[in-house]
Amino acid sequence: MSERLTVAQALVRFLAVQEIERDGERSRFFAGALGIFGHGNVAGIGQALAQYPGALPFQPARNEQAMVHIASGYARQRNRLATWVCTSSVGPGATNMVTGAALATVNRLPVLLLPGDTFATRRPHPVLQQLEVAHDGTISVNDCLRPVSRYFDRVSRAEQLIPVALEAMRVLTDPAETGAVTVALPEDVAVEAFEVPDEFLEPRVWTVYRRPPAPDALARAAALLRAAERPLLVAGGGVIYSGATAALQEFVDQTGIPVCETQAGRGALRSDHPLALGAVGATGTPAANRLARDADLVVGVGTRWSDFTTASKSAFQDPAVRFVNINVASIDAVKHSGLALEADARVALDALRVELGGHRAPSSWTAAASAEALAYADAVRQIVAPGDERPMRQASVIGAVNDAAGERGVVVCAAGSLPGDLHKLWRARDPDGKGYHVEYGYSCMGYEIPGGIGVRLAAPDREVFVMVGDGSYMMGPTELATAVAERIHLVIVLLDNHGFASIGALSRSLGSAGFGTIYRRSGDGDGDGDGDGGVALDAPDGSGPAGVTEALPIDLAANAESLGATVLRAGDVDELRAALARARDLSGPVVIAVETDRYAGVPGDESWWDVPVAEVSEVPAVAAAREQYERDRGRQRSYLSPP
Ligand SMILES: Cc1ncc(C[n+]2csc(CCOP(=O)(O)OP(=O)(O)O)c2C)c(N)n1
Ligand SMILES: [Mg+2]
């Protein structure tokens, strides 16, 4: 039998009954629909959502990029087993989603985007907001979403909806394929009616099977581990998504192999485990980086090996170092010429543990690792210890938030100097690895608040602590209004250091004196008040050529207040701790505004990140930075040798 429905009605009814199953647990795949309406979707998806209010609960958003971030935050917190639909109008609403889609795809998080599209019939061409490309009549702005989508399609005839919707679900629910999926809906097709077969509208379950490793690959990996003298595990996000944190701990306890973590994998092993070395790579701990330098066999589990993890291929220095990669995605499993163990992380770790029998890493290596882990835990205690500085050090703010978060709280962050500091300093305490949510695949300024909303929607029983810098806050405060409207409780710690501390420090390290990384009045770049348009430099001691570091009088807390958030201000660590305690009992979004010292960074540990420096320059500091760059590049390895 069939039913006559519009394309949009059929799609909404279809999406509402999609379910996902893993390990026998079944749940609804779409929590609801986020959206902003315009002429491109109001009569299509908008009409359908209104007609079936129980199908996909609707949440209006304020900015299309941010609504995709909400979906990504949600999907990550739910281990990619659930997400949101995002509906936008045609034109700018659709292109606003490009950044959100890229973030989801880079981080391998499922989100379904339904941008409106221009008329398939081409009757009123060019419709409002339509791009016209003289040489190609099939292009619309939605084609910008192709490179950032794991699957892209356009429903140009009503009947196409059925295969398109099934393909979209296949990609969204496949852990190796997942990312942003875009289904563009021409506004005339969305309202067109067709005979929809009943089977299309019936509940459908997408099962995530845990893929086992190939037996011969497993045997080879075990042989490599038995022969290794200095084996090291690198845990990525895949460990957490696969629910493999307990399997990881069992593996480590049995083998004595230490673990370090990527940003997405941070918290895969609780920080108080004796073999937890914490962050590795460019933002890594000295403990992890020393072990990484000497390791002769590196087992990456669920990691995409970003340049931060490998310190731009300088982290692993042993000339004979080899890699084993446990990953569901072949693109990651083959990286660094590693032995590819294409498998689910949990199944592979269990299988490898069994295959290894009672084998343990050399005890001297295990002992060295736990000594390093212990020493670093002590160092962290000192670094985050509260002082009485005003403005506060970022490290003490992290310490206070970490204490407030306890075992169940979740910290959310994405860009600036915070991710590196959090990676090093945060003590991860949740056994499932769900307490640390730093989006560092795309490191997108503006993700923090919407991402935090997504996390809270996914885990309403957990306290969510968004940590956001002033620069990132300005990039995307809009969803504070959404949190107010939907009564979503979040604690947002807004760290105002009056500029881009991270990029300022990077700029200084490359000889460019913090150029353009501090806010100034237009036409008075050097801040000396004469309006001569000098260069906006930022030197910590005020001694740079500009010499003045006066901030613009921006009150971000007042901005948050005007959007309806409750605002608490804290001037020192005691006040911050009191505000964190008070925030717990308040409803809706609470913004705790703190001022932090732009120059009081966390002690570095000689790790490196490849940022190219001008090969020629008349500026002596740049020329010196280039020389240093060339020396550093000498530490870069190719990782081309197969195991
Ligand atoms: C959308 C976006 N634009 C630009 C960047 C590059 N970028 C990375 S950090 C940063 C500055 C962040 O400033 P703030 O949030 O104040 O953090 P701070 O560096 O001061 O800790 C910039 C511009 C980015 N990551 N994302
Ligand atoms: Mg800042």
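Tyr-639 sits in the segment after helix 24 (620–633); helices (H or I, at least four residues) and strands (E, at least two) are DSSP runs, numbered from the N terminus. The phi of Tyr-639 is near 50°, a positive value in a residue other than glycine. Tyr-639 is buried, with a relative accessible area of 7%. Buried means under 20% relative accessible area, exposed over 50%, and partly exposed in between (1.4 Å probe, protein chains only). The model is predicted: local features need pLDDT of at least 70, side-chain atom pairs count only at pLDDT 80 or more, and totals for chains, interfaces and linings use all residues. Residues are numbered from 1 along each chain as its sequence is written, chains are lettered from A and ligands numbered from 1 in the order in which they are written, and side-chain values use heavy atoms, with hydrogens and water left out.

Tyr-639 is also among the residues that Phe-323 touches. Contact means heavy atoms within 4.5 Å. Other partners of Phe-323 include Leu-297, Trp-305, His-336 and Pro-643, residues up to four places away in sequence not being counted. Phe-323 belongs to strand 16 (residues 322–327). Its relative accessible area is 1%, and Phe-323 is buried.

The protein holds 24 helices and 23 strands. Its radius of gyration is 25 Å, close to the 26 Å that the globule rule gives for 643 residues, so the protein is as compact as a globular protein of that length. The radius is taken over C-alpha atoms, and the rule is 2.2 Å times the number of residues to the power 0.38. The C-alpha trace spans about 75 × 70 × 55 Å along its principal axes. Of the 643 residues, 57% are buried. Among contacts between residues at least 6 apart in sequence, 76% join residues at least 24 apart.

Asp-470 is in helix 19 (residues 470–475), while Asn-497 is in the loop between strand 21 (490–496) and helix 21 (501–509); the pair, 27 residues apart, links distant parts of the chain.

Helix 17 (residues 418–425) is largely enclosed by the rest of the structure, because eight of its eight residues are buried. Helix 5 (residues 97–106) is mostly covered, with seven of its ten residues buried. Its cover includes helix 3 (64–77), strand 6 (83–88) and strand 9 (180–186). Arg-108 follows helix 5 and has a positive phi, near 60°. In helix 12 (residues 286–294), the buried residues are Ala-287, Ala-288, Asn-289, Leu-291 and Ala-292.

Most residues other than glycine have a negative phi, and most peptide bonds are trans. Ala-513 has a phi near 55°. It lies in the loop between helix 21 and helix 22 (556–562) and counts as partly exposed at 27% relative accessibility. The peptide bond from His-125 to Pro-126 is cis, with omega near -15°. Pro-126 is in the loop between strand 7 and strand 8 (151–154). A cis bond also joins Arg-390 and Pro-391, with omega about -5°. Pro-391 is placed in the loop between helix 15 and helix 16 (394–405).
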